[in-house]
Amino acid sequence: MILENLFLTDPIKFAFEIYDSKVYHKYTEFTIIDEGYLMIFRKFNPPTIILYAEKETTAKKLLSAIKEDSFILFIEPK
């Protein structure tokens, strides 16, 4: 899987993605666009979303793909 390879490049940085996709896989879903992804974790209300994108254009596409009315978003500040 492409995401697993990315996660293994920096297991500390991607600790939540690795743990949640392995332990809480029934609550975790990924949306992949270009070289980025959204990880939506639905165990809690509101769901938490991690956005990962290297390019601003990809980040904008990922943000437009979010369908939830309310959520907690985690994103790198760059």
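Helices here are DSSP runs of H or I with at least four residues, strands are runs of E with at least two, and both are numbered from the N terminus. What I am showing is a predicted model, where local features need pLDDT of at least 70, side-chain atom pairs count only at pLDDT 80 or more, and totals for chains, interfaces and linings use all residues. Residues are numbered from 1 along each chain as its sequence is written, and side-chain values use heavy atoms, with hydrogens and water left out.

The overall fold, then. The protein chain has three helices and four strands, in the order α-α-β-β-β-α-β along the sequence. Its radius of gyration is 12 Å, close to the 12 Å of the globule rule for 78 residues, so the chain is as compact as a globular protein of that length. That radius is taken over C-alpha atoms, and the rule is 2.2 Å times the number of residues to the power 0.38.

Next, strand β3, residues 48-52. Why is β3 largely enclosed by the rest of the structure? Because five of its five residues are buried, meaning under 20% relative accessible area with a 1.4 Å probe, protein chains only. Thr48, Ile50 and Tyr52 point one way from β3, while Ile49 and Leu51 point the other way.

Now its neighbours; two strands pair if DSSP finds at least two bridges between them. Strand β2, residues 36-41, pairs with β3 in the antiparallel sense over five bridges, and Ile40 has Ile49 as its bridge partner. Six residues lie between β2 and β3 in this hairpin. Strand β4, residues 72-75, runs parallel to β3 and is joined to it by four bridges; there, Thr48 stands opposite Ile72.

Technical notes: Buried < 20%, exposed > 50% of the residue type's maximum accessible area, 1.4 Å probe, protein only.
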